[in-house]
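Open the model in your viewer and keep the selection panel handy. We will walk through it one stop at a time.

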Amino acid sequence: LERRLGITRERPLPAPAREPLTAWLRRRGGSPPSTARGGAERRADGRRVALLPDTFNAYFTPAVAIAAVELFEAAGLAVVVPRVGCCGRPLLSHGRVAAARAAARAMVDALSPLAAAGVPIVGLEPSCVSMFGDEYAYLLPGDPAARAVADAASTFDAFVATRAGTGDVGWAFDGRPRRLLLHGHCHQQAREGTAAAHAALALPAGHRVEAVDAGCCGMAGAFGYEAEHHAVSLAMAEQRLLPAVRAAAPDDVIVAAGFSCRQQIAHATGRRAWHPAEVLRAALDA
């Protein structure tokens, strides 16, 4: 791979899950719905949410998406998991604009019935959600459906924090003390900051959330896997992020919404980083 594709031998490649999210949904049965149209045809009563099955959390870390489904259902929400492809972020980052535009068109066509029905669309991967609000305006200029999807979409953190702010939560947490070390995703920090992540993660009474004062983790999608960028990728992370993770106590919980961020932390420190959905699901009072 290093000789032919330029992928560094210094990193393990992410392994596909033995059971992807699609298989879990089929095994689980009729709930949650698996198509956007099936969910959109029902009345918009404020008790439904669409969970975006991005490539990372659908096929590599489905435990993240499953945690989100179970968390939302614990709040009395009906979860719709639409059938979608890639948002187009990897294509656009490599300059394949026409292919990225086609991916954006397909995504908007799949999600617009949900947006039109007033169903909030929640993304687990911040880089995907930022595509809707930023790049789709360039790829699909003046498209009202693209604008509607962007308006309906939010990150997991923002959705949870907003819902908690209305008092319509429905979660009972165990209250066990936990210290959370939060690393904010670059796209999320640029678009909305980490205030929503703080608010969401602090919902359980025992949680103490502390943010890492760091910029980009250095992975940046495929960047950190490329042999020519591997050293630079690690040097970026070593400025602040990795020292903070190494200094964390063994029972501290490392939190990062981005798949790439979690990969960088695992590769460089051996510590597992958890998605906010996993952290909140684990704190539910069973």
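Two strands pair if DSSP finds at least two bridges between them. Strands (E, at least two residues) and helices (H or I, at least four) are DSSP runs, numbered from the N terminus. This is a predicted model, in which local features need pLDDT of at least 70 and side-chain atom pairs count only at pLDDT 80 or more, while totals for chains, interfaces and linings use all residues. Residues are numbered from 1 along each chain as its sequence is written, and side-chain values use heavy atoms, with hydrogens and water left out.

Begin with the open sheet, where four strands run in the order 6-5-7-8 with parallel pairing. At its edges you will find strand 6 (207–211) and strand 8 (273–274), each pairing on one side only. Now select strand 5 (178–183) and strand 7 (253–256), which are joined by four bridges in the parallel sense. Leu181 stands opposite Ile254 of strand 7.

**Stop two: Arg178**

Stay on strand 5 and pick Arg178. Is Arg178 buried or exposed? Arg178 counts as buried because its relative accessibility is 10%; the cut-offs are under 20% relative accessible area for buried, over 50% for exposed and partly exposed in between (1.4 Å probe, protein chains only). Among the residues Arg178 touches, leaving aside those up to four places away in sequence, are His207, Arg208 and Ala282.

**Stop three: a helix pair**

Next, show helix 5 (62–74) and helix 10 (156–165), which pack at an angle of about 10 degrees with their axes 13 Å apart. Axes are lines fitted to C-alpha atoms, for helices over the stretch in contact, and angles run from 0 to 180 degrees between N-to-C directions. The two helices are therefore roughly parallel to each other (angles under 35 degrees count as such). Color Ala68, Leu71 and Phe72 of helix 5 together with Phe156, Phe159 and Val160 of helix 10 to see the contact.

**Stop four: the core**

Finally, look at the largest nonpolar core, with 31 residues. Such a core is a set of buried Ala, Val, Leu, Ile, Met, Phe, Trp, Tyr and Cys residues joined through side-chain atoms within 4.5 Å. Phe72, Leu124 and Phe156 are among those with the most contacts inside it. Helix 5 gives the largest share, eight residues.

Notes. Parallel < 35°, antiparallel > 145°, perpendicular 65-115°, else oblique. Contact = heavy atoms within 4.5 Å.
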